[in-house]
Number of protein chains: 4
Amino acid sequence: MTNMMKRWQISAAGRQTLELADVPVPVAGPGEVLVRVKAVSLNYRDRLFLENQGYAQFALPFTPASDLAGEVQGVGPGVTRFKAGDRVINNFTAGWIDGPPPRVNGVNQSFGGPLPGVLAEYVALPAEWLVAAPATLDDAEASTLPCAALTAWTSLVELGGLRPGETVLVQGTGGVSLFALQFAAAMGAEVIVTSSGEEKLERAKALGATHGINRETTPDWAEAVLGITSGRGADHILEMVGGTNLGRSMAAIAPSGRISLIGVIGGFESSLPSFPAFQAQATVQAIFVGNRRGLENMVRAVDRIGLKPVIDTQFAFADLPDGLDRLERGPFGKIVIRVSK
Amino acid sequence: MTNMMKRWQISAAGRQTLELADVPVPVAGPGEVLVRVKAVSLNYRDRLFLENQGYAQFALPFTPASDLAGEVQGVGPGVTRFKAGDRVINNFTAGWIDGPPPRVNGVNQSFGGPLPGVLAEYVALPAEWLVAAPATLDDAEASTLPCAALTAWTSLVELGGLRPGETVLVQGTGGVSLFALQFAAAMGAEVIVTSSGEEKLERAKALGATHGINRETTPDWAEAVLGITSGRGADHILEMVGGTNLGRSMAAIAPSGRISLIGVIGGFESSLPSFPAFQAQATVQAIFVGNRRGLENMVRAVDRIGLKPVIDTQFAFADLPDGLDRLERGPFGKIVIRVSK
Amino acid sequence: MTNMMKRWQISAAGRQTLELADVPVPVAGPGEVLVRVKAVSLNYRDRLFLENQGYAQFALPFTPASDLAGEVQGVGPGVTRFKAGDRVINNFTAGWIDGPPPRVNGVNQSFGGPLPGVLAEYVALPAEWLVAAPATLDDAEASTLPCAALTAWTSLVELGGLRPGETVLVQGTGGVSLFALQFAAAMGAEVIVTSSGEEKLERAKALGATHGINRETTPDWAEAVLGITSGRGADHILEMVGGTNLGRSMAAIAPSGRISLIGVIGGFESSLPSFPAFQAQATVQAIFVGNRRGLENMVRAVDRIGLKPVIDTQFAFADLPDGLDRLERGPFGKIVIRVSK
Amino acid sequence: MTNMMKRWQISAAGRQTLELADVPVPVAGPGEVLVRVKAVSLNYRDRLFLENQGYAQFALPFTPASDLAGEVQGVGPGVTRFKAGDRVINNFTAGWIDGPPPRVNGVNQSFGGPLPGVLAEYVALPAEWLVAAPATLDDAEASTLPCAALTAWTSLVELGGLRPGETVLVQGTGGVSLFALQFAAAMGAEVIVTSSGEEKLERAKALGATHGINRETTPDWAEAVLGITSGRGADHILEMVGGTNLGRSMAAIAPSGRISLIGVIGGFESSLPSFPAFQAQATVQAIFVGNRRGLENMVRAVDRIGLKPVIDTQFAFADLPDGLDRLERGPFGKIVIRVSK
């Protein structure tokens, strides 16, 4: 291990300054762990941060991406939680062990914005912010869990209390949606997926979806959900769009049902129609990924149910720009950057 | 008891056809109870139904109002739940005993719309839809519970799980808000009330509110809530306005906090800003009053804590129009119509 | 349909008076349904009631058994919940729709004791006490659900909130235990089964158990559970024995774990050791089968996950005594009596 | 501040070796805080540890007592949670921040056994194990919270979800019982207290109890509870005795009620009768004091509701033996040792 390493960073908002810089390997301070990063997965939010510094404040130069899988290289003073050689993944939000999110001035401290990201050969992080990687996944697969999988798990299990026999509606076939589909199917739920293409719907059914709704040919998908559920609606809906789409989700919700608000591609301001919400006594909960306890619970579940994350494409460390391009075109599952072996 | 009775009704949408009609006393069928109505309380929604048939469908002639306190006059075949002489109140939604709301074609069956209302000297209702009135309240007080008090109780206790030491924000000083204030204060919560007038704030404090915020002099009341709570925000907010007001509630919510969506005076379409909702992992739940189990739990609590409903004004049965006028001017607490002695 | 039918009954405590009597077909009163009984499943408690009237009071002649699957033959006045031809099963406890159990003088009103049982060609029951049978099960299979399956479901799902990745310990291979195994496996839990025989353990594994512990060769099964779970213990334990066995369950429980107290073969008085209970902050909850809402939720789940009840043996209606003998010898799964076609 | 301080300790099991020793003031290591101890409260378990090393393992010399209130004197490297001058109390169990209890080899690490206790002029503890003391309590009062008050709070609020109008039964008038009484009364619950003396019952009523049952004159107190509650029973029972007393608690429990198992004076093995437990579907949960999140929630509540701990007697630091004698005679409320000013 040399004293220098490679790290992706921008020196100003926008992809045009994105570069693979040479910087010193960080040192693990008291309570910290030095992690050799093996794989990093990308999320839609990484593009928001790269393109628009206004999404939230961060310091320059700024390194993107929030999700890593790696191997503990060494530990700083006082660390007993991990030892060299352990395989780890990180929790998406720094310092969130359990209970409610620990906002700092109203904002949670997540990797890849506002905190520095993890697209580097090494990172030094507090041991308390890491958890053991699932034994049944390789590094690329494990790297997909911190943001997308935990968002789905928190929505359906930790906060949603999903039971077998309930109906789950997932919108689209991005990372969070596919994890939600897989968890829900593994728990014995009925899973309805909406998508804009037949091929994606077929792939979703192969992963365990019970029903597919083609949004192109069935624009009023809420009506279709009511049809599938004999008028009852879906007990759990993952709202992946936001904006006016929330109104359609509300038209499709079952009595005492839960809508997990996750996506923002339809706007950062969503419309909540009161009348159907009252009739169902529906809940809308905004999901901010999840805490470390939920992540640990999920890792146990992943190993138990044998869940294999759906990876759309893997890219070499140097090919991050290609990965970002792919992210823009709506992948089926996750984009992974292989950082080191 | 004669065979005829008085009943308020409209023959077309709008108050202009409101009349006190002579109609036959109903007969209690199998499983039903004949109730001599003693008092009826009014709710804001009664005005919506009277003025605009489009709010929801109902049959004409239509009798307004949802909340009664009365005395069982007789029982139909098979009734064991009550006997003549029992003092009762009704649950707001017909047939909702427990669990999720029992929508019929997407709409809950509530009294005073879409079901016929209770502004009559007698009503015949299924025994299962009634509960024993609190022993510590007189008829006028008991009549205020079915809609307004249960809405507050469901929001804070049945669904909210309010704990001592938590902070509750109630908006305004209408019926639901004052019940929420009283329940929250009786449970050891910190209660912040917003209002447009100093006098109302003083009266709210006399009822147990810890803090008052004058919306006229402090338009950014969300900021004021953060100030009172050292930046944490309120754990429970009763959203009594809707529309864009929901955005301000979201700015004032604590991590893992709950907003109970109740009022619609600001619009039937509310705006939910995603960014602060994510940071708090906040929940918005639309409240449709509550089920019979919650009502029974609440009646026990009312008797135990000695809660006295705040009645703004009582009117004689014949003076319903004056009561409706008073309702329009923003009463402090409830409007009660005394139907019979 | 004639006016007379066959019904099993005893005229005094003890199997010696058990006879197949000719009695009038009952009539469905107001709110009631006449059910043509197709199949009845037996439970261990049926033997307790037959042998010992002291277990709980009941009227003579007494008809045993609590669980039926049948077809609605006709409905009494006022019934809208079912119509002739509907396939139904009954809830084990009469009048328990939702929420806490409705004790009458401290005792719940269940079929087959203290209420009359269902081993008859026809029964007339309130429509509210029945639910639609699962579409995916035949009558014999459906008849196994009311007591055994709902006990397992209530323990793990309704009250237990089981999550994927958690560990469930089921004791033995009787009806409740096998349903618990099947539900837990279908939800992605790790399932450990104890049994006295290797063959039964193999069959349990074929049904989805992850680990089997042979109680004969491994008497300290609690230690074995700790070994399997890396010292953590099981998150959910179904206590099927009672008495001193509860102490061993407590030695095997995980932190914040739940023991569902179900069986009484080891005694009606169980020993709860405080020290390990404190360290785990463990919960012991006695399970009284479950309410109608839970049964309806379970039926949805059974249809969704394709659960097939394990039936040890089926007997003709006239061969009830053989079925009772078989019950005594510890069947693998349920004993079903075919009442009519 | 000199380099030496006074500390109570034993060099062998049993009070005969108890001495006030001169030992070096500890040094705050990384992540630790040096606390000047102001007051320490005693608990019944302190006597168990002093008299019988077998209760659990600990190292000699051993310092007794688990609960302190003090002032931060200085902080070690990396501490940001507190600063010199802050008033603090400790959580009873080391390292338990949230979620399930963190057993080590099956045993939780609590102060005063198995970990060293706090009867010393100074202690050095990880900052994460401390919380801010309530602003409304003095040091003696604040020192009573870590074990007794949190046990009551965890039982009724964190795990029990107590609601206004519910019935709480507390057994006796020791520290935990009086805190439970005060919390329950402040939340609008009906509180029944059992005690062996009329004077204690009068004092309990003055603190908010609704009913008192004299165990001397009413040995069948379970029957008395059923009488007070119209046959329903108590929704929450704090079991302060254990052994056969648990059977009586079970006879007094309401449907879906909770018994919090806390006391061991009646034995470390409790008898759980299945029949009444089934009928109520009752829960017994062993309570191990509580986690830091619960303690922080409770501190907020104490400040909000103005709860004043009941202190039986205060003793000077040198008079610990007198305090232990008093503890043996069944105090009404807490015993406090004033350590320093």
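**Chain contacts in a predicted model**

The side chains of D:Thr283 and C:Gln285 are joined by a polar contact of 3.3 Å. A polar contact is a pair of N or O atoms within 3.5 Å; within protein, one must be able to donate a hydrogen and the other to accept it, and residues adjacent in sequence count only if both atoms are side-chain atoms. The structure is a predicted model, in which local features need pLDDT of at least 70 and side-chain atom pairs count only at pLDDT 80 or more, while totals for chains, interfaces and linings use all residues. Residues are numbered from 1 along each chain as its sequence is written, chains are lettered from A and ligands numbered from 1 in the order in which they are written, and side-chain values use heavy atoms, with hydrogens and water left out.

D:Thr283 lies in strand β14 (residues 283–286) of chain D. Helices (H or I, at least four residues) and strands (E, at least two) are DSSP runs, numbered from the N terminus. D:Thr283 is buried, with a relative accessible area of 8%; buried means under 20%, exposed over 50%, and partly exposed in between (1.4 Å probe, protein chains only). Not counting residues up to four places away in sequence, D:Thr283 touches C:Thr283, C:Val284, C:Gln285, D:Gly257, D:Arg258 and D:Ile259, where contact means heavy atoms within 4.5 Å.

Next come chains B and D. The contact takes 21 residues from chain B and 21 residues from chain D. Between them the two chains bury about 1700 Å², 53% of it on carbon and sulfur atoms. Buried area is the accessible area (1.4 Å probe) that two parts lose on being put together, summed over both. B:Pro164, B:Arg300 and B:Arg304 supply 38% of the area that chain B buries against chain D, more than any other three residues.

The rule finds six salt bridges across this interface. A salt bridge is a side-chain nitrogen of Lys or Arg within 4 Å of a carboxyl oxygen of Asp or Glu. B:Glu158 and D:Arg163 meet in a salt bridge through their side chains (3.4 Å, N to O). On the side of chain B that touches chain D, the elements giving two or more residues are α3 and α9 (292–305) of chain B. Of these, α9(B) gives the most, with five residues.

Helix α3 (residues 145–158) of chain B has 14 residues. Because 13 of the 14 residues of α3(B) are buried, this helix is largely enclosed by the rest of the structure.

Note on methods. Expected span 1.5 Å × (residues − 1).
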